[in-house]
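This briefing covers strand order, helix packing and nonpolar cores. The structure comes first, followed by the notes.

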Amino acid sequence: MCKSAHVNLAVVLAAMSTMLWGTRPDGSKVGFNLKVLTYNTHLLPRISEPFASRRGRGDYRARTIGARVAAFDLVGLCEVFDDRRRQALVEAAEATGGRYHVVWTKKPPLKGLTNSGLLLLSRFPVEAHHAITYDHASRFITHGFRADAFAAKGAIHARLRVRDAPPLGIDCFLTHLDSRSAAARAGQLRQLSGFIRTHAGGDRMVLLMGDLNVPADSSPFATDSSYTQLVASLAASGLDWVDAWATAGTGAGGTSDPLADDGGQRIDYIWLACGPSLDPNRVLQHIQVLRYLDGGVPEGSLSDHSGLACKLSDP
């Protein structure tokens, strides 16, 4: 390796130390900056594509999505079911932006025909991780071939070490709730709340992200609205949650249709809860919807959802 390469490597390592661990080379402390993305990729199992998907070019989309998400430090993806496309996505992300710690779950025995489709990519070390598979799901007998029970939907948890000095950890939860049955979704939310209560705590920041299939624009102030029920279910976890878009977003924030003028319904979320040492209104700096339009896909976008991205910072 030539001398200039050594110098460049040293600069890169120093910058990474500053960004990730909160310490400069001289030992002085800095805050943190964290870029977060959640995205439903619509990378369905190949066997289900003829009747469950109207979107082509799955291999191209997996590689392209991987390259696009590499701009983020923490990425929570839904519907990455296919093993080969998952590998292609991760390889493209790492080829573009460097190494990730990867968390996903295999299909549990006697549950569904495929795994949960959840995939978490983190620039930060994963100190522990856990997963659950939901007991409730829409079934073939009531919802046909589009029933969610064909997938072992659930949630994953990863405890991330973001910074050593001063210590900062994040409990990150990623889920994809039932898209067909409100009753099944309510049961899943009860399990999710208990799962969060079990694995989140202390002074760690907590993130929940994913496709929750709960429209935030359906009479949110009515006591019986699905969004109000979502808020109540999350509150049962014992944490004081902040809906990132409702706090810092501008406009409707639709994510269900990247080709619609208004973006469709707001059903993809990032929720934030902070420990006593952090104020979520100060930490949450910016949030935006990313449509990921792409002329290489006949349908015009990389997925049938938009991504939701935010920046968390503690200067």
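In what order do the six strands of the open sheet stand, and what is the pairing? The order is β3-β4-β2-β1-β12-β11, and the pairing is mixed. The model is a predicted one.

**Sheet**
- The edges are taken by β3 (101-104) and β11 (284-290); each has a single partner strand, so one side of each is left without a neighbour in the sheet.
- On average, and with direction ignored, neighbouring strands are turned by 15° against each other.
- Four bridges join β3 to β4 (residues 119-122) in the antiparallel sense.
- His101 has Ser122 of β4 as its bridge partner.

**Helices on the sheet**
- Helix α3 packs on the sheet and touches β1 (32-43), β2 (74-80) and β4; the directions of α3 and β1 make about 170°.
- Helix α4 also packs on the sheet, touching β1, β2, β3 and β4, with its direction at about 15° to that of β4.

**Helix pair**
- α3 (residues 58-69) and α4 (residues 83-97) pack at an angle of about 35°, and their axes are 7 Å apart.
- Their crossing is right-handed.
- Residues making the contact include Ala62, Ile65 and Val69 of α3 and Ala88, Leu89 and Ala92 of α4.
- By class, this contact has eight nonpolar, four charged and three polar residues.

**Nonpolar cores**
- The largest nonpolar core has 31 residues, of which Val36, Leu74, Leu120 and Leu312 touch the most other members.
- Another core, of 22 residues, lies apart from it and has Leu43, Ala70, Leu89 and Leu302 among its members.
- Beyond its neighbours within four places in sequence, Val36 is in contact with residues including Phe72, Leu74, Leu207, Met209 and Ile270.

Definitions and conventions
Residues numbered from 1 in each chain as written. Predicted model: local features only at pLDDT ≥ 70, side-chain atom pairs only at ≥ 80, totals over all residues. Heavy atoms only, no water. Core = buried A, V, L, I, M, F, W, Y, C linked by side-chain atoms within 4.5 Å. Buried < 20%, exposed > 50% of the residue type's maximum accessible area, 1.4 Å probe, protein only. Contact = heavy atoms within 4.5 Å. Axes fitted to C-alpha atoms, helices over the stretch in contact; angles between N-to-C directions. Helix = DSSP H or I, 4+ residues; strand = E, 2+ residues; numbered from the N terminus. Left-handed = near helix turned anticlockwise from the far one by under 90°. Nonpolar A, V, L, I, M, F, W, Y, C, P; charged D, E, K, R; others polar. Pairing = 2+ DSSP bridges.
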